[in-house]
Amino acid sequence: MRLHDWALRLESLIDDRLHTRFSFGQHDCCMWACDVILAVTGSDPVADLRGTYSTEEEAAAVMEAGGGLAAMAEARFGPEIKPLAAAAGDVGIIDTDLGPALVACGGATWLAASGFGVVAVDQSQVLRAWRCEVI
């Protein structure tokens, strides 16, 4: 269920993150996508994971314990949808040189956490997507 002011909340989050430095556990691919879901629904799909990691090694351990990024997304997000059917607030997964990463649909474009802020991701890179809901 989306909040009545979800579009404004999403726009505000995107504006706030445009110049935020990458930080494991704060502004990384997972927290970025889950912060989008939190802004849109008011529910946090990773409330139990916040504050549990702050380094690349700790993030890797959390992912391994959860069965990998895709398995964690399947377990925590809404129904899987085709990436082309995604709307603002939905989340997806892409492959990067460093491995899989979560991205968020900002409406006309997909957005990913980057070294500094958020960057646009081409629609063709999104391999899987989930409706913005929390299970």
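A polar contact is a pair of N or O atoms within 3.5 Å; within protein, one must be able to donate a hydrogen and the other to accept it, and residues adjacent in sequence count only if both atoms are side-chain atoms. This is a predicted model, where local features need pLDDT of at least 70, side-chain atom pairs count only at pLDDT 80 or more, and totals for chains, interfaces and linings use all residues. Residues are numbered from 1 along each chain as its sequence is written, and side-chain values use heavy atoms, leaving out hydrogens and water.

**Exercise 1.** Find which backbone atoms the side chain of Thr96 reaches.

*Solution.* Start with strand 2 (residues 91-96), which holds Thr96; strands (E, at least two residues) and helices (H or I, at least four) are DSSP runs, numbered from the N terminus. Next, look at the backbone nitrogen of Leu98: a polar atom of the Thr96 side chain lies 3.1 Å away. Finally, the Thr96 side chain reaches the backbone oxygen of Gly99 at 2.6 Å.

**Exercise 2.** Work out whether Arg17 is buried or exposed, and what its side chain touches.

*Solution.* Locate Arg17 in helix 1 (residues 6-17). Its relative accessibility is 14%, so Arg17 counts as buried (under 20% relative accessible area; exposed is over 50%, partly exposed in between, with a 1.4 Å probe and protein chains only). Then follow the side chain to that of His27, a polar contact at 3.2 Å. Beyond neighbours within four places in sequence, Arg17 is in contact (heavy atoms within 4.5 Å) with residues including Trp32, Asp35 and Gly117. Gly117 sits in the turn of the hairpin of strands 4 and 5, with a positive phi of about 95°.

Note on methods
Two strands pair if DSSP finds at least two bridges between them.
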